[in-house]
Amino acid sequence: MSTELDVFVGNTTVLDEDVYQLWLDGHTVSNAVRIRMEAGALQECEANAEVLHSDTMDQFRTFQMCERLLQSPSKVANQLLFQIPPHRQTMLIERYYEFDSVFAREVLGKKLSKGTKKDLDDISSKTGIALKCCRRQFDNFKHVFKVVEELKGPLVENIQRHFLLSDVLARDYAAIVFFANSRFETGKRKLQYLSFQDFAFCAGQLISYWTVGAVNNVMEDLDVDLEKEFLHDLKDLKVLVNDKDMLDQHKSLVCAQLRGKIKVFSEMEASFKNLSRALVNIASKLTHTKDFRDLFIDLVEKFIEPRRSDKWTIGDLRLFLKHYSSSVHTLEAFRHQVIWDRYMGVIKSCILKMYHD
Amino acid sequence: MPGKLKAKIVAGRHLPIMDRASDLTDAFVEVKFGNTTFKTDVYPKSLNPQWNSEWFKFEVDDEDLQDEPLQITVLDHDTYSANDAIGKVYIDIDPLLCSEAATVISGWLPIYDTIHGIRGEINVLVKVDLFNDLNRFRQSSCGVKFFCTTSIPRCYRAVMVHGFVEELVVNEDPEYQWIDRIRTPRASNEARQRLIFLMSGELQRKIGLKVLEMGGNAVVGYLQCFDLEGESGLVVRAIGTACTLEKISSTLPATATHPSNSSPSKDMKEPGFGEEAPGVPLSSGPPTPLRAQTFSSFSPSKSYSRQSSSSDTELSLTPKTGMGSGGSAGKEAGPLKALLRQQTQSALEQREYPFFPLTAFPPGFLLHVGGVVSARSVKLLDRIHNPDEPETRDAWWEEIRQEIKSHAKALGCQAVVGYSESTSICEEVCILSASGTAAILSSRFMQDGPLDTEHRFEEVVSPGCGFCHIPYDELNIPFPAQLTYCYCCRRYKVPDVLFTTIDLPTEANVTGKGCLIQARLCRTKKKAQGEGNATVISNLLPFLEYELHTQLMNKLKLRGMNALFGLRIQISIGETMLLGLASATGVYLTALPSPGGIQIAGKTPSDITYEQHISNMQKKINDTIAKNKELYEINPPEVVEEIIGSPIPEPRQRSRLFRSQSESSDEVSELDLSHGKKDAFVLEIDDTDAVEDIHALLTDFPTPAGFYSCNTEIMPGIQNWTSAIQMFTSVRVFRLNASLTSQGLNKIFSDLCENLLKSLYFKLRSMVPCCLCHLNFTVAIPEDELIQVAVTAVAMSFDKEQLLENGKQSGEKTLIKAITENDEQLQFNLELNAETPSPNPLSSPKGLSEVGSHLSARALSVDYSSFADRCSSWIEQLKLKAHTIRRGSVKTTSSMEKASPLPEGRSRSLRSNRSYSGSSVAVVKMTPLSFIPGAKIIKYLGIINMFFIRETTSLREEGGVSGFLHTFIAEVFAMVRAHVAALGGNAVVSYSMKECVFMENPNKNQAQCLINVSGDAVIFVRESELESTSVQTQSATTHTSNGAEGT
């Protein structure tokens, strides 16, 4: 005695959000049934295990059928096969594209290629996320990347338009695309303490202020690429550390502002030259692709770690960076104010975001 | 040359990739009608081609227009090899042939391929220019309207009911032709689909001709079925009721602007919305027409009088119970009754078959119900030699119909209502079944025309119980039955139990709620061939039927009920077994005596343990009955003689009635007891079958809290449906792997059905409180050792608040209604400066509404906003729910809006209906019922009758049998919705899946499935949307939220 066939089709597609999550998490049907039972699904409607199994199977099948559509979300709204109310459509799409930040952190900056896909089982065992689920997330990254790559105009908007995602999720995808495109180094041991959210924030900053699309609205190219001219101009900032007068003047201005306001004043005063050189050197090296990819590792090694070992608090750091960047405005000899602000604005917020244990 | 068909191919989208190299498609379209074919240009390298073709024009006979579908084929152009077909769309032109239905077909239709399923969509425009053909000898029947709905459609009224129409056409099945050996499965499937399209077109045309001959203009309850007889051919047959319908023309514009006006006519036909408290044994007759009358008396404006004309027409359909002076007229009516009988008898006898596939009737049409009549016959199929002369099949059905007719006569009835026919085929054996309900009908709608005196007689019979009164001669009962005097009117005899195949009449007095009752039976049978097999089957049939009947009776008593509605017995034959499934909705008819309990008796009460065993069982049964009575709220009311003669009691009188009821509850139980003893049902336990029966009785799973179920249109006792509806189809196939005894099989079959129900409840748990309506089970034995059960039903949510205290709440609801009505009146009175409306005591449909009219009188002196305040504060006092208050006040403030020009108002509400979905795909609701809760059907666009075949040779890759069928059913739904949307509709009512034949061969990785669905495409407008346009945003949001579960 066995059930050979068992289907349920509603005119409005019946979708259980909890089961959807189980499906997205890559559970098998029997696993999902067990989890549902533990969650007390049997108390509802006097169900039994058989009913639950049948329902789970059915839901999983429905999601599988929907998956093809979800891969190009714009089709969801004008397909005819499933009658799904708009708000449920949004839910389906949003949840399908949601990802685990632990997983995203692992993939971040890697090439979204077949090679990486092969490593997914390692990531799966490391993160405890089911392989199936890893694959979906990886394929989503790849898919979004491929679609957006060929498009012109603002990245976040493109993602939102083509995948109908919420603003928050679209921004996260923008970060992933940005990292995959620029191939920033994120895998070094020293960077392990940084979360996906840290990187996503930094990516957001870079996209907003350093890319082509950030300054002019001419939609020529994908704005994942940083503005070459700007990177080139960054070399001019060297004058801040190379010109001794300017360096001294800068130092005295900063010290005047911070005296008595930060605990690590003496250390700061003593190492001002190093501090300034670290930040300016990073700027001047960004034209080289290799150094550019090392942006985050440089920030950590050359600036963040030394401050941490000197036991700077985040408040001290914030005050220092604020006055360090603003006092440049009073340096009359310095003529690259605009470049400086554009550079320091991003670097300041990135450092502050990355300055934690 | 009476017709010009025009088609335009606009665009395609989501086409499949046909060229692997470029990942694109070079698509073009062939448009074919009859033997004429047109082609569009090739639109190169696109998955979203824009053909924007010219108008392709076909000049054809209207006969062809009726028979042929427009066939659209999308192909991929290939320079070097043959063009690949992407898929096809068949478009039924029929809805365009009727002036009152759709005028254009326009929209995105799925491109369907029998091997790959839906492959993209195509946007087409189809129109028909029809020239009038007055040739008497014409073969076409354009203009005859067809309805699947088995009642008079909502926006029509029946001028005349002509009677039964039937027709069948036969053909060879392409699947069994020699050519099938050399053609591809796709070609074979397409040949079959096309043939069935043609045959159903032809059938519909022929039925239409018969209707025209009878002088009618419509077929109601059109039921078309296929018999796939395999080698011996393909039979398409249909039955229906020919009627002359008249459109209630003024309702459309009037209701569009005057929401509350729509309520009278709605209440007439949908007791589901009526506010009559269930279980109140008031035989006051339908109160609504009276209210409608009030309306017309208050109608100074033009649009008003139009509305009132609609209610007047309704009025004329209704027995004017309220007006007649009850008792005396009844006594005079004695001889008249006989006269009436003769009159109608003769009217009906003129007809070949006085059969009516209708299940619900205009008020006053159904006079008495005798009981279920059914006939079956087992036939051996032989090859149909001459398709043009389907005499054998005709003769077979003729036999059965004659038998039904004579059964009805034996019950003293001249007509059979709720009539249906079905077949079950296994190899060369075929069971033909027909069943219906013997009844006596009023001659009012018959051709012969009524006498005025008859009217007077009919007026006396209370509609709440009249149909229960026995039609047959008391001294000459055709079957053993205990007769008692009617518990409502105490004047006529009623049987102890009533089985019918029709829907519960809307005016019937019912106590408590109903529930789905099923009898399930499985019997093994020896394998046999040909005639021997037929003999074995026909010998088994009577036993099967008897057992099903016994089971039904037991289960009915176990639930403390006394009548079955919508009874449908299905018998399926397989090689080694017979399946019987009887489904019905049990109710407690107030007019019938309370059913006795079930008593168990042992034949040989020898030892004590045995006695104990019996008493244990007895206790269990008694407990179950008690529990069920509580569950279904069956508290048989007290004798109701008081009410006779005063159909519309004063409010005060009514409240006294209520009180007296509660006071004399002791008396009721006393009455019950006496009856319980009298007709207790005795089961003898020594009989092994009986043990099984008892077992089966007690293992039936009670519906979980918050759920109700029935297989009829509406559930007695539930009125306040929300707009959330969910139609669904569920199919299960079960494999039996061992040779089992009949009893083992029985249990498995029963569990299968029970588990299926359980799964449905679980699936739909988010809709609680809800009722599964029109639960339609279909069983089949697709192969040896396989049982297939398919269910189509609709889950409808209702408001719990009002369920709990329905008596009180219904009163409140009336009040709201009264307020809105008065609000309406108020508006016109102000505008036209008319005198104060004097609330006519007769006009108040319910006691409370009188207060409502006082209110309006007071409100006349104040402005709208303060009136609104008053309303809301008044309602607040009644502790109504917050949203109701909002509704109330909104209605009032926006009443100025309603005065806007009619067409504009309508178009606006329609537009909003489409736009709220927020997506480019219009939401199309589907329901097996004839109505949509909370909405008004404003137009019928034509019948939807679609037949699809799907086949796969990669079953595993498509997710196995379940994946395959799941996709296919979803595709069928999608195609139905798309075609309805293209006709301009937003819902399908009376939807049914009449055929779902599933065959698989897992070893070959193959499966095939045939599905036939039908329904009526309609346009509905939400009542809340009609209310006002100023609150559109608000209603839009509520709709979207409703759409979550509903649509």
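**Exercise 1.** Determine which residue is the bridge partner of D6(A) in β26(B), and describe the strand pairing around it.

*Solution.* Step 1: in β26(B), D6(A) has R732(B) as its bridge partner. Helices (H or I, at least four residues) and strands (E, at least two) are DSSP runs, numbered from the N terminus.
Step 2: β1(A) pairs with β26 (residues 721-735) of chain B in the antiparallel sense, over eight bridges; two strands pair if DSSP finds at least two bridges between them.
Step 3: R732(B) also forms a salt bridge with D6(A), with the closest N and O atoms 3.0 Å apart. A salt bridge is a side-chain nitrogen of Lys or Arg within 4 Å of a carboxyl oxygen of Asp or Glu.

This is a predicted model, in which local features need pLDDT of at least 70 and side-chain atom pairs count only at pLDDT 80 or more, while totals for chains, interfaces and linings use all residues. Residues are numbered from 1 along each chain as its sequence is written, chains are lettered from A and ligands numbered from 1 in the order in which they are written, and side-chain values use heavy atoms, with hydrogens and water left out.

**Exercise 2.** Describe the interface of chain A and chain B.

*Solution.* Step 1: 42 residues of chain A are in contact (heavy atoms within 4.5 Å) with 66 residues of chain B.
Step 2: the count between chain A and chain B is five salt bridges.
Step 3: β1 (2-10), α3 (49-70), α4 (74-78) and α5 (86-97) of chain A each supply at least two residues of the side that touches chain B. The most come from α3(A), with ten residues.

**Exercise 3.** State which residues of α1 (residues 17-24) of chain A are buried, and what covers them.

*Solution.* Step 1: V19(A), Y20(A), L22(A), W23(A) and L24(A) are buried, that is, under 20% relative accessible area (1.4 Å probe, protein chains only).
Step 2: the cover over the buried residues of α1(A) includes α2 (29-38), α3, α5 and α9 (131-149) of chain A.
Step 3: after α1(A) comes G26(A), with a positive phi near 80°.

**Exercise 4.** Give the strand order of the open sheet of four strands in chain B, and explain why one side of β19 and of β20 has no neighbour in the sheet.

*Solution.* Step 1: the order is β19-β21-β22-β20, with mixed pairing.
Step 2: β19 (498-499) and β20 (510-524) of chain B stand at the edges with a single partner strand each, so one side of each is left without a neighbour in the sheet.
Step 3: β20(B) and β22 (residues 577-589) of chain B run antiparallel, joined by twelve bridges. V510(B) stands opposite L589(B) in β22(B).

Key: Buried < 20%, exposed > 50% of the residue type's maximum accessible area, 1.4 Å probe, protein only.
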